[in-house]
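Dear colleague,

I am passing on the structure we spoke about, and my notes on it follow below. Please read them with the coordinates open beside you.

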Amino acid sequence: MLETGALTGDWSAAWAAVPRGAFLPDLMWPYDMDTGASRPVDRLADPADWERQAYANVPVTIQWDDGQHAGPGPGRVATSSASMPSVVARMLADLDVFAGARVLEIGTGTGWNAALLAARLGEGHVVTVEVDPAVAAAAREALDRAGLSPEAVCGDGRDGWPAGAPYDRVIVTAGVRQVPSAWREQTRPGGLILAPWGTHYSPEDALVRLTVSGDGSASGPFLRPLEFMKLRSQRLDWGRFGRHVDRYPGDADRSATTVGLPDLGGRGRFQAATFVLGLCVPDCAHVLNAGGDESTAWFFDMSGTRSWASVVFRPQETDATVHQSGPRRLWDEVSAALDWWRGQGSPPVVSFGLTVTSRGAHRPWLSTPSRPVPSFAT
């Protein structure tokens with residue numbers, strides 16, 4: 001970690017004192033970065049493999065389906081994990097802590113991140129909040145075994161923990177779509193909120209570092225793309241969109257576009273186009289059904305109009321087929337946003353930032369807060 005620059009020297013002592021493996025369960029599911037699959041690894045059945053995976057630079061799932069999963073195989077949806085060590089190290093460096101700093105962590109997970117903070121700052125300076133009772137209990141046990149006692153709270157992280165406020169730093173280990181007012185209110189002026197933030201257009205996030213102002217607003221840049229499990233209170237219910245499309249294509253308007261699937265970000269991860277389209281087309285959920293001979297990009301309105309659009313891409317055809325239904329012309333919005341982004345020179349994610357006003361409005365910007373990102377919602 002030190003050699004790659006992921007781990008900074010000021011964190012090396014805490015890193016050495018708090019081994020990751022001490023916070024992982026006997027049965028866990030490391031994620032294979034090449035295949036995109038998770039597999040069970042049981043310490044009792046294969047201690048050598050467990051040890052290798054515990055200290056590999058990969059994310060490890062520790063819970064599936066909010067604890068309803070049974071059996072050694074992976075469940076349907078991963079709902080708690082230990083992040084990649086390199087991600088943990090870089091986020092701790094981005095937090096820019098100092099001696100005496102008080103830190104609120106949202107999302108205890110295994111407890112390893114809270115342990116690293118406690119080892120660096122002192123356990124009396126760290127509060128960590130976990131929404132899941134079983135995950136919170138396991139984290140407390142692991143912290144006790146490590147001889148560390150930061151204040152570990154079982155509760156909804158969106159509410160923060162006012163009893164320990166004000167905080168100098170808030171670090172969030174879950175993806176968010178809205179920055180809760182409690183986090184800003186519980187952070188002292190000049191303090192930082194570090195959180196994976198994004199839109200429901202995509203499951204992907206970008207790490208934003210917000211500086212809180214005396215008026216209660218917070219603003220700062222996006223540092224890099226990443227992806228975290230979402231804050232439970234801000235998960236997207238995909239089932240709601242089943243009511244958008246009664247018959248396909250039904251009476252939807254039909255047209256064609258020369259926009260290609262790669263222009264929208266394609267099948268790749270962490271594409272700037274995907275993130276920026278989410279900024280420019282508010283209240284739009286997007287999913288790609290990818291196939292060999294045909295791929296369909298879907299767009300659904302989240303604001304209550306039941307508008308939808310689909311774009312069907314076929315490798316042998318130059319133009320893609322567009323269908324749009326409802327008062328919002330979602331594909332027109334996406335196409336206009338794409339043109340705007342290209343017109344700006346296709347800037348990367350790190351060229352953008354976010355301001356959260358004192359009233360809670362979220363306003364993304366390009367390069368500086370004085371250059372707001374336009375909304376193409378119709």
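**The nine-stranded sheet**

Nine strands make up an open sheet with mixed pairing, and their order across it is E7-E6-E5-E8-E9-E10-E11-E17-E18. Its edges are strand E7 (151-154) and strand E18 (362-366), each of which pairs on one side only, and neighbouring strands are turned against each other by 20° on average, with direction ignored. Please keep in mind throughout that this is a predicted model.

**The five-stranded sheet**

A further open sheet has five strands in the order E12-E16-E15-E14-E13, with antiparallel pairing. Strand E12 (253-257) and strand E13 (284-289) are the edge strands, each pairing on one side only, and the twist from one strand to the next averages 20°. E12 is joined by five bridges to strand E16 (residues 320-325), the two running antiparallel, and Asp-253 stands opposite Gln-324 in E16.

Which helix lies across E12, E13, E14, E15 and E16? It is helix H8 (residues 330-343), which runs at about 105° to E14, where strand E14 spans 295-301 and strand E15 spans 308-313.

**A helix pair**

Two packed helices are described by the angle between their axes and the distance between the axes. For helix H3 (residues 85-95) and helix H4 (residues 112-121), the axes come within 11 Å and cross at roughly 40°, so H3 and H4 are oblique to each other. The crossing in which H3 passes H4 is right-handed. On the H3 side the contact involves Pro-85, Val-88, Leu-92 and Leu-95, which meet Trp-112, Asn-113, Leu-116 and Leu-117 in H4.

**Cysteines**

How many disulfides does a search of the whole structure find? The search finds zero. Cys-280 is in no disulfide, and the nearest cysteine sulfur, belonging to Cys-284, is 12 Å away.

**Backbone points to check**

Most residues other than glycine have a negative phi, and most peptide bonds are trans. Against that background, the following places deserve a look.

- Ala-165 and Pro-166 are joined by a cis peptide bond with omega of about 5°, and Pro-166 sits in the loop between E7 and strand E8 (167-172).
- From Tyr-248 to Pro-249 the peptide bond is cis, with omega near -5°, and Pro-249 lies in the loop between strand E11 (218-226) and E12.
- Asp-96, although not a glycine, has a positive phi of about 55°; Asp-96 is found in the loop between H3 and strand E5 (103-106) and counts as partly exposed, at 46% relative accessibility.
- Phe-270 is not a glycine either, yet has a positive phi of about 55°; Phe-270 is placed in the loop between E12 and helix H7 (272-280) and, at 31% relative accessibility, counts as partly exposed.

Conventions:
Residues numbered from 1 in each chain as written. Predicted model: local features only at pLDDT ≥ 70, side-chain atom pairs only at ≥ 80, totals over all residues. Heavy atoms only, no water. Pairing = 2+ DSSP bridges. Helix = DSSP H or I, 4+ residues; strand = E, 2+ residues; numbered from the N terminus. Axes fitted to C-alpha atoms, helices over the stretch in contact; angles between N-to-C directions. Contact = heavy atoms within 4.5 Å. Disulfide = S-S within 2.5 Å. Parallel < 35°, antiparallel > 145°, perpendicular 65-115°, else oblique. Left-handed = near helix turned anticlockwise from the far one by under 90°. Buried < 20%, exposed > 50% of the residue type's maximum accessible area, 1.4 Å probe, protein only.
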